[in-house]
Amino acid sequence: YILVDGKSGHRAVKLASQARKILEENPAWNYSANYVQLTWRRNRNKLGIENIRMHDLRRTFGYNLVKQGRPIYEVSKLLGHSSVTTTEKHYAPLISTDVNDFIL
């Protein structure tokens with residue numbers, strides 16, 4: 001886990017072993033938000049991609065989790081939402097449940 005600051009305060013983020021290894025091997029891994037935004041913009045322009053924001057990657061991640069059938073509580077935790085209600089508001093419409101699948 002690493003501690004990060006977010007909109008709702010401090011929180012612990014669990015890292016995959018590959019990400020943890022990168023951080024351990026590169027202690028100077030401390031890019032500013034400005035660096036990340038500039039790099040994102042430069043590469044986006046180089047590829048000719050318009051009308052995409054970095055936040056769209058986060059939404060795609062959440063969308064893919066929901067489409068894989070992951071529990072909404074798990075999606076909420078992975079996205080770092082302070083309440084599952086926030087996750088439900090944005091991702092519940094993506095949960096596809098067919099009434100014919102229910103057996104009474």
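Select glycine 62 and show its neighbours: leaving aside residues up to four places away in sequence, Gly62 touches Val75, Leu79 and Tyr91, where a contact means heavy atoms within 4.5 Å. This is a predicted model, in which local features need pLDDT of at least 70 and side-chain atom pairs count only at pLDDT 80 or more, while totals for chains, interfaces and linings use all residues. Residues are numbered from 1 along each chain as its sequence is written, and side-chain values use heavy atoms, with hydrogens and water left out.

**Stop 1: glycine 62**

Glycine 62 is found in helix H3. Helices (H or I, at least four residues) and strands (E, at least two) are DSSP runs, numbered from the N terminus. Is glycine 62 buried or exposed? Its relative accessibility is 0%, so glycine 62 counts as buried. Buried means under 20% relative accessible area, exposed means over 50%, and partly exposed lies in between (1.4 Å probe, protein chains only). Now draw a distance from glycine 62 to leucine 79: the two are 17 residues apart along the chain, and their C-alpha atoms are separated by 7.0 Å.

**Stop 2: valine 75**

Move to valine 75, which lies in helix H4 (residues 72-79). Valine 75 is buried, at a relative accessible area of 0%. Which residues does valine 75 touch, not counting those up to four places away in sequence? They are Gly62, Leu65, Val66, Arg70 and Thr87. For another distance, pick asparagine 64: eleven residues separate it from valine 75 in sequence, and the C-alpha atoms of the two are 9.7 Å apart.

**Stop 3: the whole chain**

Zoom out and colour by secondary structure. The chain has five helices and two strands, in the order β-β-α-α-α-α-α from the N terminus. Of its 104 residues, 14% count as buried. Among contacts with a separation of 6 or more, 21% are between residues 24 or more positions apart.

**Stop 4**

Select residues 2-6 and 9-13. These are strands S1 and S2, which pair in the antiparallel sense over five bridges; two strands pair if DSSP finds at least two bridges between them. S1 and S2 form a hairpin, with two residues between them. What is the bridge partner of leucine 3 in S2? It is alanine 12. Valine 4 stands opposite arginine 11 in S2. In a regular strand the side chains alternate between the two faces of the sheet.

**Stop 5: the salt bridges**

Show the charged side chains. A salt bridge is a side-chain nitrogen of Lys or Arg within 4 Å of a carboxyl oxygen of Asp or Glu, and by this rule there are three.

- Glutamate 25 and lysine 21 meet in a salt bridge, N to O at 3.9 Å. They are four residues apart in helix H1 (residues 17-25), and so are separated by about one helical turn. Glutamate 25 counts as exposed, at 52% relative accessibility.
- Arginine 53 pairs with aspartate 56 in a salt bridge, the closest N and O atoms being 3.1 Å apart. Aspartate 56 counts as buried, at 19% relative accessibility.
- Arginine 70 forms a salt bridge with glutamate 74, with the closest N and O atoms 2.6 Å apart. Arginine 70 is partly exposed at 36%, and glutamate 74 is partly exposed at 25%.

**Stop 6: asparagine 51**

Go to the loop between helix H2 (33-47) and H3, where asparagine 51 is found. Phi of asparagine 51 is near 55 degrees, a positive value in a residue other than glycine. Asparagine 51 is exposed, with a relative accessible area of 79%.

**Stop 7: the second largest pocket**

How much space lies in the second largest pocket? About 370 Å³. Select Lys7, Arg58, Leu79, Gly80 and His81, the closest to its centre of the 14 residues that line it. Helix H3 (55-67) and helix H5 (84-91) each supply at least two residues of that lining. On a 1 Å grid over the protein atoms alone, a pocket is an open set of points where a 1.4 Å probe fits, with protein on both sides within 12 Å along at least five of seven lines; lining residues have an atom within 4 Å of a point. Grid points are joined across faces, edges and corners, and a volume is the space filled by probe spheres set on the points.
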